[in-house]
Amino acid sequence: MNKFILIISLLFGFNANAGLISIELSDNQVNVGESITVNLMASDFNAFDAFDLDFNFNNNIFNYQEGSLTSDVTAVLPLVFETSVNANGLAISFLDFAAFSTADFLLASFEITATAEGEDSFSLSNVSFSDFFAPLIVDSSAQTTALVTASIPEPSTWLLFFSALLLVARVNRTV
């Protein structure tokens, strides 16, 4: 009977509550040169002291805008909160000795700029959250895509271009 009570108390004591990270984009279709704001939203999280994650995107299509990173976890002045661009996108790390304990929060928000045409998928990898005693369970399977297209001139731009050509041709005839 004592073993049964011990097992039941352990099951309730180690309640596995999985946090969820979702990826939200300000726009799913942009032109070359335009920026997208990426929001990594976290929900149903237990308190944590550290995390590491990689936000994956194609560096040939998008560039991370240095200094654009904001987060709710930086409001508590963490010991370490840094980003670094890597071959697969962006690595984000956090470490503090005081646990961050908000259940739903903005994990990270940053801007990426489209530098070339193409379609790209965004995802998370190497995700690890922990307090100083144990790792946390996190669902980081979120994915989304964005399409980058070349900007197409407006009809008024074409009209101005052809008007200039006609003007140059007329000036050349009179000379």
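**Figure 1. Overview of the predicted chain and its secondary structure.** Helices, of at least four residues in H or I, and strands, of at least two residues in E, are taken as DSSP runs and numbered from the N terminus. On that basis the protein chain of this predicted model comes to two helices and twelve strands. Read from the N terminus on, the elements follow the order α-β-β-β-β-β-β-β-β-β-β-β-β-α, and of the 175 residues in the protein chain, 31% are buried.

Figure 2. Strand 4 is largely enclosed by the rest of the structure, because eight of its nine residues are buried. Strand 4 pairs in the antiparallel sense with strand 7 (residues 89–100), over eight bridges, and one point of contact in this pairing is F55, whose bridge partner in strand 7 is L90. Strand 4 also runs antiparallel to strand 9, to which six bridges join it; here D54 has S125 of strand 9 as its bridge partner.

Figure 3. With ring centres required to lie within 6.5 Å, the count of aromatic pairs comes to 18. The rings of F48 and F129 form an edge-to-face pair, with 5.2 Å from centre to centre and 85° between the planes. F48 lies in strand 4 and F129 lies in strand 9, so this pair ties together parts that are 81 residues apart in sequence. F48 is buried, with a relative accessible area of 0%, and F129, at 2% relative accessibility, also counts as buried. F55 and F57 form a further aromatic pair, in this case tilted, at 5.9 Å centre to centre with 45° between the planes, and both F55 and F57 are buried. Ring pairs also link a cluster made up of F45, F48, F51, F81, F94, F100, F105 and F129.

**Figure 4. The largest nonpolar core.** In soluble globular proteins, nonpolar side chains tend to be buried together. The largest nonpolar core in this model has 37 residues, of which L40, F48, F55, F62, F110 and F129 touch the most other members. Two or more residues of this core are given by each of strand 1, strand 3, strand 4, strand 5, strand 7, strand 8 (105–114), strand 9 and strand 12 (143–149). Strand 8 provides the largest share of this core, with six residues.

Figure 5. D44 has a positive phi of about 60°, although it is not a glycine, and its place is in the loop between strand 3 (35–43) and strand 4 (48–56). With a relative accessible area of 44%, D44 is partly exposed, since that class lies between the cut-offs of 20% and 50%. D44 and I21 are 23 residues apart in sequence, while their C-alpha atoms are 9.1 Å apart in space. N126, likewise a residue other than glycine, has a positive phi near 50°, but the place of N126 is in strand 9 (residues 118–130). N126 has a relative accessible area of 58% and is therefore exposed.

**Figure 6. A nonpolar patch on the surface.** L79, F97, F132 and F133 form this patch, and together they have about 550 Å² of accessible area. Of these residues, L79 has its place in the loop between strand 5 (62–64) and strand 6 (80–86).

Definitions and conventions
Residues numbered from 1 in each chain as written. Predicted model: local features only at pLDDT ≥ 70, side-chain atom pairs only at ≥ 80, totals over all residues. Heavy atoms only, no water. Patch = residues over 30% accessible without salt bridge, like charges linked within 9 Å, V, L, I, M, F, W, Y side chains within 5 Å. Areas by Shrake-Rupley, 256 points an atom, 1.4 Å probe, with all protein chains shown as cover. Salt bridge = Lys/Arg side-chain N within 4 Å of Asp/Glu carboxyl O. Buried < 20%, exposed > 50% of the residue type's maximum accessible area, 1.4 Å probe, protein only. Pairing = 2+ DSSP bridges. Phe/Tyr/Trp six-rings, centres within 6.5 Å; stacked < 30°, edge-to-face > 60°. Core = buried A, V, L, I, M, F, W, Y, C linked by side-chain atoms within 4.5 Å.
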